[in-house]
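Me: Hi! Please walk me through this protein in plain words, I'm still new to this.

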Amino acid sequence: MMTDFSPNLAPEEARMLSPLQLAYVGDSVHALLVRTRLLQKNLLVRDMHRASNEAVSAVSQARELARLLPLLSEEEADIVRRGRNAHPHHGAPKSASVGEYAEATGLEALLGYLYLTGQSGKIRELEPYLQGEE
């Protein structure tokens, strides 16, 4: 379960950040959710590490985003669109298509926005979809 220690920016302040800045924070939020879930499964650390790497891949994140899109408000969907349309100064990883990488960036931007604006309740609502356990 997500602990609420976010900076609680006003939504207007968070929207002033670039989608890549939101995604930078959201990447860590996603990794923390995945690692916390794996910790609860009482696995060996090496097995947690392997499972974590797979779960935080662009391919997995793109699938997760597809599952949770129907749960998003228009404002949240807009954050996803901004993240999807952001252009990082590097290419997609070899393990993912450009489209999957864009979807993953959209998911990470959303998680970053929700975290920075203190919306831990919404993160908890989305959490099962982020773990593939809908």
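Reply: Happy to! Let's start with a word we'll need: a residue is buried if its relative accessible area is under 20%, exposed if over 50%, and partly exposed in between (1.4 Å probe, protein chains only). Keep in mind that this is a predicted model, where local features need pLDDT of at least 70 and side-chain atom pairs count only at pLDDT 80 or more, while totals for chains, interfaces and linings use all residues. Residues are numbered from 1 along each chain as its sequence is written, and side-chain values use heavy atoms, leaving out hydrogens and water.

Me: Okay, what share of the residues counts as buried?
Reply: In this chain of 134 residues, 40% count as buried.

Me: And how many helices and strands are there?
Reply: The chain has seven helices and zero strands, giving the pattern α-α-α-α-α-α-α along the sequence. Helices (H or I, at least four residues) and strands (E, at least two) are DSSP runs, numbered from the N terminus.

Me: What fraction of the contacts comes from residues 24 or more positions apart?
Reply: Among contacts with a separation of 6 or more, 76% join residues 24 or more positions apart. Contact here means heavy atoms within 4.5 Å.

Me: Let's look at helices together. At what angle do α6 and α7 pack?
Reply: First, a general idea: two packed helices are described by the angle between their axes and the distance between the axes. The axes are lines fitted to C-alpha atoms, for helices over the stretch in contact, and angles run from 0 to 180 degrees between N-to-C directions. Helix α6 (residues 98-116) and helix α7 (residues 120-130) pack at about 150 degrees, with axes 10 Å apart. That makes α6 roughly antiparallel to α7. As for the labels, under 35 degrees is roughly parallel, over 145 roughly antiparallel, 65 to 115 roughly perpendicular, and the rest oblique.

Me: Which residues make that contact?
Reply: From α6 come Leu-107, Leu-110, Leu-111, Leu-114 and Tyr-115, and from α7 come Lys-122, Ile-123, Leu-126 and Leu-130. They divide into eight nonpolar, no polar and one charged. In that sorting, Ala, Val, Leu, Ile, Met, Phe, Trp, Tyr, Cys and Pro are nonpolar, Asp, Glu, Lys and Arg are charged, and the others, Gly among them, are polar.

Me: How do α2 and α6 cross?
Reply: Their axes come within 6 Å and cross at roughly 85 degrees, so α2 and α6 are roughly perpendicular to each other. The residues that meet include Leu-22 and Val-25 in α2, and Ala-109 and Leu-111 in α6. This contact divides into twelve nonpolar, four polar and two charged residues.

Me: New topic! How many residues are in the largest nonpolar core?
Reply: The largest nonpolar core has 21 residues, and Leu-68 and Leu-110 have the most contacts inside it. Such a core is a set of buried Ala, Val, Leu, Ile, Met, Phe, Trp, Tyr and Cys residues joined through side-chain atoms within 4.5 Å. At least two residues each come from α2 (19-39), α4 (58-68), α5 (74-85), α6 and α7, and α6 gives the largest share, eight residues.

Me: What does Leu-68 touch?
Reply: Not counting residues up to four places away in sequence, Leu-68 touches Leu-107, Leu-110, Leu-126, Tyr-129 and Leu-130.

Me: What about Gln-61, buried or exposed?
Reply: Gln-61 is buried, at 2% relative accessibility. It lies in helix α4. Leaving aside neighbours within four places in sequence, the contacts of Gln-61 include Asp-27, His-30 and Leu-107.

Me: And Glu-76, buried or exposed?
Reply: Glu-76, which lies in helix α5, is buried as well, with a relative accessible area of 5%. Not counting residues up to four places away, Glu-76 touches Leu-71, Leu-110, Leu-114, Gln-119 and Lys-122.

Me: Where does Gly-83 lie?
Reply: Gly-83 lies in helix α5, and it is buried, with a relative accessible area of 0%. Gly-83 and Leu-110 are 27 residues apart in sequence and 7.7 Å apart in space, C-alpha to C-alpha.

Me: Last one: what is the phi of Asn-8?
Reply: Asn-8 has a positive phi of about 55 degrees, although it is not a glycine. It lies in the segment before α1 (11-16) and is partly exposed, with a relative accessible area of 47%. Asn-42, in the loop between α2 and α3 (45-55), also has a positive phi, near 55 degrees. At 70% relative accessibility, Asn-42 counts as exposed.
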